[in-house]
Amino acid sequence: MLRYEHVMVENRRLGYATEGSGPALVLLHGLGFDHRLWVATAPYLVGHTRVIIPDLPGFGRSAALPDGTGPDAMLRSLAAMLTATAAVPCMIAGFGIGGTLALGVAARNPERVHAVVAISALGPQTWPETGTGRIAALFSALPGALGMSMRFAPHMLATRYLRDAISSIAVNPEAVELVESVLRDPVQRQTLLKTLGQLNDWKQLIRRFSGVRAPS
């Protein structure tokens, strides 16, 4: 059964779920989710690895970062978490921006990472072409409109996001409830809005992927 623990990074709480023993496997969620994205997967992995599933800063049980939600700030937090949980070296996997961060950790700290699995990792490049991306661009022309929609129509936006970001197969009650809970929470909603507003910053991280040496 997953245990819920936390470490302090720069005097801020970073929560994570963990289970199992052996080589460390870190699983990173994407935008609009928290650690619960991986909960159903964990039981299949714990017989072989020590699974560590953090909530990215500003999501789930983790405090938001004071200096924004760009990739550099998140990478610093993840590197500190790996050290604090004795998860070095590790295998690391992520979905969406979690996958982008997984590759970023491997590029920046090659000695800390044995292997990488990146699922739909280049979201910042493909984001503008998705239906959700077009909606976000439309709302960005109306200050506060996207935040208001997240606050007052979370079910509709959660359903649309899952269909566009993953597939119609992902639109099930459990997944919609997960994303909807993120949109309803003021801290997580604000973190999500800030991250969406800084997606161009992630292109700088993507350019560093040539530095990844781990099997990926």
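1. A contact here means heavy atoms within 4.5 Å. With that cut-off, the buried residues of helix H7 pack against helix H5 (145-152), helix H6 (154-165) and helix H8 (186-197). The model is predicted.

2. Overall, the protein has nine helices and six strands. Of its 216 residues, 51% count as buried. Among contacts with a separation of 6 or more, 70% join residues 24 or more positions apart.

3. Helix H7 covers residues 173-184. Its 12 residues, at 1.5 Å a residue, should span 16 Å, and the end C-alpha atoms are 16 Å apart, so the two agree. The buried residues in H7 are Ala175, Val176, Leu178, Val179, Glu180, Val182 and Leu183. At the start of the helix, a side-chain oxygen of Asn172 comes to within 3.2 Å of the backbone nitrogen of Glu174.

4. The largest nonpolar core contains 63 residues. Val26, Leu28, Ile53, Ile92, Leu101 and Val116 have the most contacts inside it. Helix H2 (residues 97-108) gives the most to this core, seven residues. Leaving aside residues up to four places away in sequence, Val116 touches Ile92, Ala102, Leu103, Ala106, Ala214, Pro215 and Ser216. In soluble globular proteins, nonpolar side chains tend to be buried together.

5. Gly58 sits in the loop between strand E4 (50-54) and helix H1 (71-84). It counts as buried because its relative accessible area is 1%, and buried means under 20%. Residues up to four places away aside, Gly58 touches Ala63, Ala64, Val187, Gln188 and Thr191.

6. The structure holds seven salt bridges. One of them joins the side chains of Glu10 and Arg76 (3.8 Å, N to O). This pair links distant parts of the chain, 66 residues apart: Glu10 is in the loop between strands E1 (3-9) and E2 (12-19), and Arg76 is in helix H1. Glu10 is partly exposed at 46% relative accessibility, as is Arg76 at 36%.

7. Asp72, Arg108 and Arg208 are linked in a network of salt bridges. The side chains of Asp72 and Arg108 meet at 2.8 Å, N to O. Asp72 lies in helix H1 and Arg108 in helix H2, so this pair ties together parts 36 residues apart in sequence. In the salt bridge between Arg208 and Asp72, the closest N and O atoms are 3.5 Å apart. Arg208 belongs to the segment after helix H9 (202-206), 136 residues from Asp72.

Notes:
Residues numbered from 1 in each chain as written. Predicted model: local features only at pLDDT ≥ 70, side-chain atom pairs only at ≥ 80, totals over all residues. Heavy atoms only, no water. Helix = DSSP H or I, 4+ residues; strand = E, 2+ residues; numbered from the N terminus. Buried < 20%, exposed > 50% of the residue type's maximum accessible area, 1.4 Å probe, protein only. Expected span 1.5 Å × (residues − 1). Polar contact = N/O pair within 3.5 Å; in protein donor to acceptor, adjacent residues only side chain to side chain. Core = buried A, V, L, I, M, F, W, Y, C linked by side-chain atoms within 4.5 Å. Salt bridge = Lys/Arg side-chain N within 4 Å of Asp/Glu carboxyl O.
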